Amino acid sequence: MSENNRPTWHEHFFNVAKTISQRSTCPSRKVGAVVVDPETKTFVCSGYNGAPRGTTHCGDACRSRESGKSYEKCNAIHAELNAIVNAAMIGVSTKDKDMYLTTTPCLFCARVLINAGIRRVYALTYYPHPQALKLLMEGGVDVVVLNSDTLPSFTDEKDTGVVE
């Protein structure tokens, strides 16, 4: 919290991302994403991981798969992709916007974020795809993983350090 007992902008956007993650239909991991205009500090769109609209939610088969493998067992679309798709559906650009995530992107999502024009990714925790972080940075996307020193109100999160 800031000196005046209001959440900082980072805290505010992460609180929203964490709340959005609760809508996830994924049984193995709940992820939330918020796209923000860094100039106006306004929300552009959001997304959470889950099955495509109108389709069957992921089931127990999803839990039995190893991360990054056996995609046929999982119907979920990642939170980052849902946020980008939601922006496209309403005709809003994601160029030069920031994305707040409850965890860093996978490699596939990293590719999409680069091409969608996201300029910076803020995350609370690391997802185990280090090659995704490398690709994001190579593609000109700043990656910042906040820890309890830089975001004190999230002290229950894993202390992950900062990548810039």
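Q: How much space lies in the second largest pocket?
A: The model is predicted; local features need pLDDT of at least 70, side-chain atom pairs count only at pLDDT 80 or more, and totals for chains, interfaces and linings use all residues. A pocket is an open set of points on a 1 Å grid over the protein atoms alone, where a 1.4 Å probe fits, with protein on both sides within 12 Å along at least five of seven lines. Volume is the space filled by probe spheres set on the points, which are joined across faces, edges and corners. For the second largest pocket that is about 250 Å³.

Q: Which residues that line the second largest pocket are the closest to its centre?
A: Lining residues have an atom within 4 Å of a point. There are 16 of them here, and the closest to the centre are Tyr48, Ala51, Pro52, Arg53 and Asn82.

Q: Which elements each supply at least two residues of that lining?
A: Helices (H or I, at least four residues) and strands (E, at least two) are DSSP runs, numbered from the N terminus. Residues are numbered from 1 along each chain as its sequence is written, and side-chain values use heavy atoms, with hydrogens and water left out. The elements are β2 (42–48) and α3 (79–89).

Q: In what order do the five strands form the open sheet?
A: Two strands pair if DSSP finds at least two bridges between them. The pairing is mixed. The edge strands, each pairing on one side only, are β2 and β5 (142–145). The order is β2-β1-β3-β4-β5.

Q: What is the bridge partner of alanine 33 in β2?
A: Strand β1 (residues 32–37) runs antiparallel to β2, and six bridges join them. The partner of alanine 33 is glycine 47.

Q: Is alanine 17 buried or exposed?
A: Alanine 17 is found in helix α1. Leaving aside neighbours within four places in sequence, alanine 17 is in contact (heavy atoms within 4.5 Å) with Gly32, Val34, Tyr100 and Thr102. Buried means under 20% relative accessible area, exposed over 50%, partly exposed in between (1.4 Å probe, protein chains only). At a relative accessible area of 0%, alanine 17 is buried.

Q: What is the phi of lysine 41 near?
A: Lysine 41 sits in the loop between β1 and β2. Lysine 41 is partly exposed, with a relative accessible area of 33%. Its phi is positive, in a residue other than glycine, and near 55 degrees.
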